[in-house]
Amino acid sequence: MVRTTYAVVQDVPASWNVYLLGAERHEQMPEGLLLHAAGPTDEGFRVIDVWESQADWEHFRDRQAQTQLSHSTLRDFEVHDLYLTSSNLPPERKTDAGQHRR
């Protein structure tokens with residue numbers, strides 16, 4: 001079975017302070033999480049996570065079920081093209097075939 005990179009976008013109608021309180025509880029990066037980005041929006045806040053696979057996301061989601069915020073909107077999709085960059089490294093691109101290029 002091919003593991004496809006997986007992304008989840010969550011829009012939450014709650015204040016940025018609610019996000020910050022929740023973020024304090026999660027000091028370690030969950031296994032399989034490649035990228036996490038969050039910020040306030042006019043409606044609350046948005047979180048974008050990119051996971052190594054849908055199974056990694058589901059494992060995290062199931063462990064966090066009791067702390068999930070109600071009324072949030074989740075959108076998910078398989079990632080077919082992903083660029084990972086760092087100020088210390090050249091860009092890395094992951095394609096459907098799972099090939100990594102620098």
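This is a predicted model: local features need pLDDT of at least 70, side-chain atom pairs count only at pLDDT 80 or more; totals for chains, interfaces and linings use all residues.
Q: What is the protein built from, in helices and strands?
A: There are 2 helices and 7 strands. Starting at the N terminus, the elements run β-α-β-β-α-β-β-β-β.

Q: What makes D11 and R46 a salt bridge?
A: The cut-off is a side-chain nitrogen of Lys or Arg within 4 Å of a carboxyl oxygen of Asp or Glu. For D11 and R46, the N to O distance is 2.5 Å, so the pair passes the test.

Q: Why can we say that this pair ties together parts that are apart in sequence?
A: Just look at where the partners sit. D11 belongs to strand β1 (residues 6-12) and R46 to strand β3 (residues 44-51), so parts 35 residues apart in sequence get tied together.

Q: Is D11 buried or exposed, and how do you know?
A: Buried means under 20% relative accessible area. D11 has 17%, so it counts as buried.

Q: What about R46: why is it called partly exposed?
A: Its relative accessible area is 36%. Partly exposed is the band between the buried cut-off of 20% and the exposed cut-off of 50%, so R46 falls into it.

Q: Which arginine forms a salt bridge with D11 at 2.8 Å?
A: That's R75, with its closest N and O atoms 2.8 Å apart. This pair also links distant parts of the chain: R75 is in strand β4 (residues 73-78) and D11 is in strand β1, 64 residues apart.

Q: What makes β1 "largely enclosed"?
A: Count its buried residues: 7 of the 7 residues of β1 are buried, so the rest of the structure largely encloses it.

Q: How do you know that both faces of β1 are covered?
A: In a regular strand the side chains alternate between the two faces of the sheet. On one side of β1 we find Y6, V8, Q10 and V12, and on the other A7, V9 and D11; all of these are buried.

Q: Which strands pair with β1, and over how many bridges?
A: β1 is joined to β3 by 7 bridges, and the two run antiparallel. V8 stands opposite D49 in β3. β1 also pairs with β4, again in the antiparallel sense, over 6 bridges. There, V9 has R75 of β4 as its bridge partner.

Q: What is the strand order in the open sheet of 4 strands?
A: The order is β2-β3-β1-β4, with antiparallel pairing.

Q: Why are β2 and β4 said to stand at the edges?
A: β2 (33-41) and β4 each have a single partner strand, so one side of each has no neighbour in the sheet. On average, neighbouring strands here are turned by 10 degrees against each other, direction ignored.

Q: How many bridges pair β2 with β3?
A: There are 8 bridges, in the antiparallel sense. One example is A37, whose bridge partner in β3 is I48. Helix α1 (residues 16-25) packs on the sheet and touches β2 and β3, with its direction making about 150 degrees with that of β2.

Q: Which residues make up the largest nonpolar core?
A: This core has 6 residues: Y6, V8, L33, W51, W57 and F60. Another core, of 5 residues, lies apart from it and includes V12, A14, Y19 and F45.

Q: What does V8 contact, leaving aside its neighbours within four places in sequence?
A: V8 is in contact with V47, I48, D49, W51, W57, L74, R75 and D76.

Q: How much of the whole protein is buried?
A: Buried residues make up 29% of the 102 residues. The protein exposes about 7,300 Å², and carbon and sulfur atoms supply 51% of that.

Notes:
Residues are numbered from 1 along each chain as its sequence is written. Side-chain values use heavy atoms; hydrogens and water are left out. Buried means under 20% relative accessible area, exposed over 50%, partly exposed in between (1.4 Å probe, protein chains only). A nonpolar core is a set of buried Ala, Val, Leu, Ile, Met, Phe, Trp, Tyr and Cys residues joined through side-chain atoms within 4.5 Å. Contact means heavy atoms within 4.5 Å. Two strands pair if DSSP finds at least two bridges between them. Axes are lines fitted to C-alpha atoms, for helices over the stretch in contact, and angles run from 0 to 180 degrees between N-to-C directions. Accessible areas come from the Shrake-Rupley method with a 1.4 Å probe; for residues, only the protein chains shown count as cover.
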